[in-house]
Amino acid sequence: MNINQIFKNNQKWVQDKLDIDANYFKNLSEGQNPDILYIGCSDSRVTAEELMGVSPGEAFVHRNIANMVPNTDLSVMSVIDYAVLHLKVNHVVVCGHYFCGGVKAAMESADLGILNPWLRNIRDVYRTHRIELNGIKEEELRYKRLVELNVQEQCINVIKTAEVQRAYRDRGITVHGWVFDIHSGQLIDLKIDFNKILENVMEIYRLD
Ligand SMILES: [Zn+2]
């Protein structure tokens with residue numbers, strides 16, 4: 001990739017936007033009011049805005065390896081706090097994807113240095129669901145299922161936070177678990193039972 005090309009692309013993008021609306025950047029600079037917090041994977045094939053068809057200003061985005069929401073990760077916890085408390089988003093999405101390199105690495109036993117503690121979070125998901133996963137004989141299907149279960153577990157981690165519990169009580173915020181299928185380009189709603197998870201979570205993690 002020619003890095004200079006990026007600046008040329010940017011100039012063209014600016015012009016294209018201004019051709020449609022002369023006030024586009026003036027309006028953009030006045031603030032953001034996104035309704036969605038999107039937590040996805042850093043994978044270069046899984047873009048956030050493009051696959052959802054949303055424009056700048058419409059989604060607050062956080063991406064990391066394998067779309068994780070570790071309870072002690074200051075980065076993702078700050079993003080959730082800011083999006084829910086200050087931007088007052090009404091939807092939080094955790095979006096995983098099939099053929100995720102992070103999830104694949106967690107299924108293998110290689111020592112990956114600094115990545116080990118990060119991948120351990122995914123291995124914890126495997127351990128939690130190992131009876132179901134070990135029952136899936138075909139490796140690719142087991143891998144796809146772990147991607148789905150990882151999304152579900154990260155949704156639970158979102159729901160555990162005090163901000164989301166309070167926002168649910170105050171304005172009915174919802175949490176969604178999605179998977180992007182790289183093979184087809186389709187976005188799949190895992191239809192996680194938000195209310196049931198919240199009920200179970202509240203029993204243990206409730207914060208008044
Ligand atoms: Zn990934």
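Residue N9 lies in helix α1, which spans residues 3–20; helices (H or I, at least four residues) and strands (E, at least two) are DSSP runs, numbered from the N terminus. The model is predicted, so that local features need pLDDT of at least 70 and side-chain atom pairs count only at pLDDT 80 or more, while totals for chains, interfaces and linings use all residues. Residues are numbered from 1 along each chain as its sequence is written, and side-chain values use heavy atoms, with hydrogens and water left out.

With a relative accessible area of 42%, N9 is partly exposed; on this scale buried means under 20% relative accessible area, exposed over 50%, and partly exposed in between (1.4 Å probe, protein chains only). From N9 to F99 the C-alpha to C-alpha distance is 29 Å, and the two are 90 residues apart in sequence. F99 is found in the loop between β3 and α5 and counts as partly exposed at 21% relative accessibility.

The backbone deserves attention here. Most residues other than glycine have a negative phi. F99, although not a glycine, has a positive phi of about 65°. A66 is also not a glycine and has a positive phi of about 70°. This residue, A66, lies in the loop between β2 and α4 (74–86) and is buried, with a relative accessible area of 0%.

C41 lies in strand β1 (residues 36–41) and C100 in the loop between β3 (91–97) and α5 (101–107), so the pair ties together parts that are 59 residues apart in sequence. Both C41 and C100 are buried.

The strands form an open sheet of five, in the order β2-β1-β3-β4-β5, with mixed pairing; two strands pair if DSSP finds at least two bridges between them. Its edge strands are β2 (59–64) and β5, each pairing on one side only. Strand β4 (residues 174–180) is mostly covered, with five of its seven residues buried. β3 and β4 pair in the parallel sense over seven bridges, and V93 has H176 in β4 as its bridge partner. Towards β5 (residues 187–189), β4 pairs in the antiparallel sense over three bridges. Here V179 stands opposite I188, and F180 opposite L187. β4 and β5 form a hairpin with six residues between them, where G185 in the turn has a positive phi of about 80°.

Finally, the largest pocket holds about 220 Å³ of space. A pocket is an open set of points on a 1 Å grid over the protein atoms alone where a 1.4 Å probe fits, with protein on both sides within 12 Å along at least five of seven lines; lining residues have an atom within 4 Å of a point. Grid points are joined across faces, edges and corners, and the volume is the space filled by probe spheres set on the points. Of the 14 lining residues, D124, V125, E153, N157 and K160 lie nearest the centre of the largest pocket. The elements giving two or more residues to this lining are α6 (115–128) and α8 (139–160).
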